[in-house]
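Welcome, and take a moment to open the model beside this text.

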Amino acid sequence: MNAVLLASDLPYWLQSIFRVVGGLVAVLLPAGTVVYLFLFKMLSFMQSRLGPMEAGPYGSFQLFAEVGKWLQKEDIVPANAQPEARIFKMAPLIVLASTFLLVVVVPFGPDALFTDFETGIFYALAVSSISVLGILIAGWASANKYSLLGGLRAAGQLVAYELPMVLAVVGVVIQAGTMNLQQIVVAQNTGSMFGWDGIGNPYVLTQFVAFIIFMISVQAELSQTPFDMPIAESELVSGYMTEYSGFRFLIFFIGEFATAGVFAMIASILFLGGWGVPFAWFGWTTIDSVDNWMNFAGPLILFAKMMALVFFIMWIRFSSPRLREDQLQRFAWKVLIPISLVNIMLTAVLKVAF
Amino acid sequence: MAKPKVPGMFKGLGVTFATLLATAKNGADTVQYPHEKETPPIRARGVIALHEDNCTSCMLCARSCPDWCIYIEGHKELAPPRRAGGAPRKVNKLDRFDIDYALCMYCGICVEVCPFDALFWSPEYEYSEPRIADLLHDKAKLGEWMQTVPEAPELEAGAEKKGKK
Amino acid sequence: MFPLSSTTDTPTEAPRDTVREAELARILEALGAGVVDSLLKPNDDMWIRVTAETWRVTAEKLKALGYTYFGYVSAIDWLPSPFGKSEDDASGPSGERDSTIKQGYAGGDTRFQVIARLVQPFTTIGINIKVDVADEVMAVDSWSSVFAGANWHEREAHEMFGIGFNGHPDLRNMYLPTDFEGHPMRKDFPLLARIVKPWPGIVDVEPLPGDDEEEGEAS
Amino acid sequence: MTMLGDRQQLAYIASQAADARVNVELETEGMTLNIGPQHPATHGTLRIIARLDGEQVVWAEPSAGYMHRGYEKLTEVRTFPQVTALVNRIDWLGSFANEVPFILAAEKLMGVEAPSRAQHIRTILFELSRIANVSLFLGDLGVQLGAITPVFFAFRDREYVLNLIEGATGGRFHPNFDRIGGLKDDLPAGFIDETRVVMKKLRTFCDQIEDLLFGNEIFQSRTRGIGVIPKDVALSYGLSGANLRASGVDWDLRRDQDIPMAWNKTDFKVITHPDGDSFARCWVRLQEVRESTKIVDQLLDTIPAGPVMAKVPKIIKVPEGEAWVSTENPLGEMGYYVVSQGDQGPFRVKIRSASFNNISIVPWLLKGVYVPDIITILASLYFILGDIDR
C-alpha cells in the first residue's frame with residue numbers, strides 16, 4: 001500500500017507543503033462552494049429570490065466580500081469574558097481544528113490521500129468530537145447566559161448523536177471488514193451484488209438504514225435545522241456564537257460549512273463508493289491496478305457525491321422547523337439508537353450467513 | 001382518504017423544491033433594486049410637492065398638521081391688477097415653506113385641507129439623506145417635485161364623481 | 001337617503017331596545033343600592049355608575065350575571081385641559097379658559113372616574129361601569145381577583161392617573177421609569193412636545209412695507 | 001380532539017412535575033434569563049424576565065413599555081381627522097383596521113353613517129389589512145420555530161396585498177384613508193380585477209404554508225399541547241381574536257355585532273378550534289386568512305354604486321357624548337372609548353388594543369414551560385408591540 005501523496009519520491013518538506021495546501025483546499029473549497037451554491041443560491045431560489053447578485057457574475061464573489069467584511073470587523077471580547085479572554089479566543093480555532101483533523105483521513109483517489117490509517121473511520125469519529133470541546137468552551141467563556149445555554153445544548157446534542165453515528169458506521173465496518181476508509185472504498189467498488197458487478201456494491205443499498213441514521217446524525221452533529229438548537233437564532237440568538245465577532249465568527253462560519261462538506265465526504269466514502277467508480281468498468285481488480293488518472297478524476301467524483309449529499313442536508317435545513325432539545329434527545333435515545341443496534345445485529349447475522 | 005398520506009416533512013420538501021424550480025424557470029419575485037425599479041401606484045404618498053403660485057400662506061396646512069412639521073413665512077406684496085386699470089392687489093407672497101420630512105408622517109392631511117390646490121402628492125421616493133437635518137426641504141425643492149406629480153387615476157366602476165387629487 | 005349630520009338636536013322617537021332594557025333592569029335589580037345612576041342608549045350601549053364601596057362587588061355580581069368577558073379598566077380625568085384643546089394655541093393666555101368639570105354619561109361628582117367595560121360573551125351586549133374616585137382617597141378596590149386581565153389595566157391606570165387600586169398584587173409601573181414623577185394622563189400634565197414648539201397657526205406674514213411705515217408713524 | 005389535547009397536557013404536566021421533584025431534591029440554583037427588549041423572538045421591544053431552572057421556566061414576567069408612545073394623551077391635543085393618522089400606527093401591520101373602529105365611534109357620536117359603497121370598501125380594505133397582517137404572522141411563525149423559508153413566502157405574498165392597499169389609499173402601511181362619514185376617495189380603476197388575482201395568490205400561499213409548516217411533524221410536536229389556554233381563563237383575561245377562538249369560543253365580532261360594515265352581507269365561517277394550544281391558535285389564523293380572501297371576493301362582487309362620502313361639515317365638531325366601538329381586528333378585539341365634549345378633538349380616547357390583553361396572560365401561561373416553548377407561545381399568541389404599548 002503506497003501511503004504517500006502522488007509521487008512518493010518527493011522530499012519530505014515538499015510533501016509537507018503539498019499536504020498543507022491540499023488540506024486547505026480540501027477544507028476551504030468545499031466550504032466555499034457549499035456556502036455559495038447552497039446557502040446563497042439554493043436557499044434564495046427556494047424563497048423565490050435571487051440571492052446576492054452584485055459581487056461578481058451572479059454574485060459568485062459574494063463570499064470573498066463577506067470574508068473581507070468580517071476580517072475588517074473589530075475582534076470584540078465581552079467585558080465579562082476578559083478574565084478568560086485566551087480561552088474565549090481559542091474556542092473557534094478548536095472547532096476549525098477538528099475539521100482539518102477530519103480531512104486528514106479522507107481518501108481522494110487511489111494515491112491521493114494524506115494518511116492511510118488502518119483505523120481511519122475510528123479516528124474520524126473520534127476527532128469529530130473535538131469540536132464539541134470548542135463549542136462548550138465558546139459557550140462557557142462568552143460569559144453570556146444565552147451562550148451558556150447554547151453550549152450546553154450543543155454538548156448534550158453532540159454526545160447524544162455521536163452514538164447513533166458510531167453505531168451506524170459499525171454496520172458498514174462489519175460489511176467491509178475493515179476500518180480503513182480506503183479499503184471501504186475499494187470494498188464497495190470491487191463488490192458485487194448477486195454476482196453482478198455493474199455498479200459494485202455501494203453500501204447505501206445494503207446499509208440503507210445505517211445511511212439514513214448516519215445522515216440524521218450528521219445533521220445533528222452539524223447543528224443544522226431541524227437540530228440547530230445550540231444556535232437557534234430565534235431563541236438563543238445564535239447560542240454559543242452570540243458574543244463572537246469579526247474573524248472569530250468567520251472561523252465558526254467556515255467551520256460549520258467545511259464540516260458539512262467533510263462529513264458529506266465521509267458519508268459518500270462510507271455509503272456511496274467514495275472517489276471510486278466500479279472497478280469492473282475498467283477491468284481493475286485491486287487498488288494497485290487502478291490507473292493513475294483516477295488520482296485526478298477521483299477528487300472530482302468525490303466532490304460531486306459530496307455535493308449531492310450536502311444538497312440533501314441543506315434542503316432539509318431550509319424546509320423544516322427546529323425540534324426542542326428534549327424531543328431531540330428522546331429521538332436519539334429512543335429511536336435512533338435502538339434501530340441502529342438492530343441494524344448491527346442484522347448485518348452481523350447476514351455477514352455470517354453469506 | 002383514497003391516496004396514501006404523505007408525511008408532512010416530505011410535503012414541505014416538495015414545496016421548497018417546487019419553488020426552487022419555479023424561480024429558476026420564471027425568475028424571482030424580487031426586483032434588483034438599483035438596476036430595475038418598481039413604479040409606485042399613482043396615488044402613492046411619496047413626497048409632498050408645492051405649487052408655489054397657488055399658495056396664499058393661509059397657514060391651514062401648518063395648523064392641521066398633526067406633527068407641526070410645516071413652517072411657513074410670508075410677506076404681503078402688491079401684484080399687478082387682474083384687469084387692466086384696476087387697483088393693484090395685495091397678495092401674500094411665500095418667503096419660506098419648509099416641510100420637515102424627518103417629522104412628517106405622510107398622513108396627507110395638509111394636501112387635503114389646502115383650499116387653493118397648492119399641495120400635491122408625488123410618488124417620488126428617492127430622497128433619503130445621510131443626515132436627519134437635511135430632510136428639512138424648502139420650497140425650491142418642494143417645487144421641483146411638482147414635475148413628478150401624476151394625473152389622478154381613473155376611478156373604479158360605480159364611483160360617483162371624480163376625486164379631487 | 002343618508003342620515004344628515006346631527007348638528008340638529010331634534011329628539012326623534014327613539015327606537016325601543018327591549019333586549020338592553022331587560023338586561024339593564026336585571027343588572028339594576030342585582031346591584032341594588034350600589035348603582036348611583038344609569039343610562040341606556042337604545043341599540044348602542046349601557047352605562048351605570050356605582051358607588052366606590054360596591055366597585056368590587058359590582059364586578060363579582062356582573063360576572064355572575066353572565067358578563068364574563070373582560071374588556072378593559074381605565075380612568076378619565078374630567079378636568080378640562082389647562083393647556084387648551086386640540087387646535088388651540090397652547091402658548092396663549094389660559095386665564096379665561098373654562099375650567100368647570102362636566103362629567104359625561106351617567107354623571108359623576110369627582111374629577112377622576114374609573115371606567116370599565118364588561119361584555120356578555122357571544123353577544124355584543126356590554127356594559128360600561130363608572131365609579132367616582134374621591135380626591136382625598138384616590139383609590140378604589142382592585143378587580144384583579146375577579147378578572148385576571150384587570151391586573152395590567154389597573155397598573156396602567158395607576159401610573160397614568162395616579163389612582164390606587166386596593167388589593168392589587170403588584171402596582172408597579174408598566175411603561176414609565178420607576179422614578180418618574182407625575183401622572184402623564186392627567187389633564188394638568190403638560191404635553192411637552194406641544195409646548196416647546198411654537199404653535200404653527202400663528203400667521204407669520206409680514207405686512208407690506210407701506211403698511212409698516214404707517215404703523216411706525218402712528219406709534 | 002379535546003380529549004387528546006387534555007391527555008397531552010396532563011402528560012406534559014406530569015413530566016414537568018417529575019422534573020421539578022428531581023430539581024427540588026438536587027436543590028439546583030436557578031438562573032434569571034432576560035429575553036429582550038432586543039431579541040429576535042419579541043419582534044419589537046418586549047422584554048421577558050424569566051427565572052429558569054435548567055431550561056424550565058419557573059416564573060416569567062413580561063415587561064412592556066419600551067415602545068410606549070402615549071397615544072391616549074396625544075389624541076387629546078389633536079382633531080378627529082388628525083387622530084386617524086395617529087391610530088393607524090398602533091398595530092402597524094394591519095393599520096387600516098385601526099382606523100375603522102375610531103371612525104365608527106366618531107360617526108356614532110355624530111349620528112352619521114357612511115354610504116353603503118364606503119362601507120363595502122372599508123370592509124374590503126379591513127380584510128386586506130387582516131390578510132397582510134396575518135400572512136406575515138404565518139411566515140414569522142416559521143422563523144420563530146427555526147424554519148427560515150416561510151417568512152420569505154409571507155413577505156412575497158404580503159407585498160401583493162400591500163400594493164393593493166397602496167394603490168387604493170396611497171399608503172402602504174399607514175393608509176389614513178378613512179374619514180368621518182366615508183372614505184377619502186373612491187377606488188382607482190382596475191382595483192377589483194387586481195384584487196381577485198391577488199386573492200387567488202394568497203390562497204395558494206395558504207396552501208404552501210400549510211404544506212410547509214403546519215403539516216410538518218416537527219412543527220406539530222413543537223406546538224401541540226404547548227401553552228394551553230382554557231376557555232374561562234381566556235375570557236377572564238379578556239383574550240380576543242384568534243387566541244380566543246382557538247380555545248373553542250365561537251365568537252367573532254364581525255358576525256355577532258351589528259355595526260355599519262359590510263360583513264353581514266357576506267357568508268363566511270367563523271373558525272374555532274377546541275384545543276386551545278399553540279397549534280390551535282396558529283391553525284385558526286391560517287384558516288382565517290382563507291376565509292378573509294373569500295370575504296373579499298364576495299364583497300368585490302357586490303360593491304354598490306354611489307358616493308363614498310356622506311354629507312359632513314368641513315370642520316368637524318363632534319357633539320358631546322361617549323361611544324364605544326370595537327371591531328374584530330387582525331390581532332383581536334380592538335375598541336375605542338371616545339369621549340367628546342363638543343370640540344374639534346376628542347376629550348378622552350381609551351384605546352383598548354387586543355395585544356395588551358392577549359399578552360397579559362403570558363405570566364400565567366409561561367409557568368413550567370421550556371425556553372424554546374417561550375418562543376412558541378409568544379409567537380402563537382401573536383402580538384404587535386405597538387398594539388401592546390400604544
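How many residues does the contact take from chain D and from chain C? Chain D puts in 41 residues, and chain C puts in 36 residues. Keep in mind as you look that this is a predicted model.

Let us stay with the chain D side of that contact. Five elements of chain D give two or more residues to the side that touches chain C: helix H2 (71–75), helix H9 (231–236), strand E6 (321–329), strand E8 (348–352) and helix H13 (354–359). Of these, E8(D) gives the most, with three residues. Sorted by class, this side of chain D has 16 nonpolar, twelve polar and 13 charged residues. Five pairs of chains touch in the model, and the pair with the most contacts is chains C and D.

Now turn to another place where chain D meets a partner. The contact between chains A and D takes 24 residues from chain A and 27 residues from chain D. On the chain A side, helix H6 (145–176), helix H11 (294–319) and helix H12 (325–353) each supply at least two residues. By class, the side of chain A that touches chain D has eight nonpolar, seven polar and nine charged residues.

And what about chains A and C? No contact joins them, and their closest C-alpha atoms lie 24 Å apart.

The average pLDDT of chain A is 82, and 95% of the residues score at least 70. Residues 1–7 of chain A are a stretch to treat with care: pLDDT stays under 50 there. The model has 15 contacts beyond four places in sequence for residues 1–7 of chain A. Where pLDDT is low, the predicted coordinates should not be read in detail.

Finally, go back to chain D and find a sheet. Three strands of chain D form an open sheet in the order E1-E2-E3, with antiparallel pairing. Strand E1 (31–35) and strand E3 (56–63) of chain D are the edge strands, each pairing on one side only. On average, and with direction ignored, neighbouring strands of this sheet are turned by 20 degrees against each other. Look next at one pairing: E1(D) and strand E2 (residues 47–53) of chain D run antiparallel to each other over five bridges. To find your place in the pairing, look for D:Thr32, which stands opposite D:Arg51 in E2(D).

Terms used
Residues are numbered from 1 along each chain as its sequence is written. Chains are lettered from A and ligands numbered from 1 in the order in which they are written. This is a predicted model: local features need pLDDT of at least 70, side-chain atom pairs count only at pLDDT 80 or more; totals for chains, interfaces and linings use all residues. Two residues are in contact if their C-beta atoms, placed from the backbone, lie within 7 Å. Helices (H or I, at least four residues) and strands (E, at least two) are DSSP runs, numbered from the N terminus. Ala, Val, Leu, Ile, Met, Phe, Trp, Tyr, Cys and Pro count as nonpolar, Asp, Glu, Lys and Arg as charged, and the others, Gly among them, as polar. pLDDT is the predictor's confidence in each residue, from 0 to 100. Two strands pair if DSSP finds at least two bridges between them. Axes are lines fitted to C-alpha atoms, for helices over the stretch in contact, and angles run from 0 to 180 degrees between N-to-C directions.
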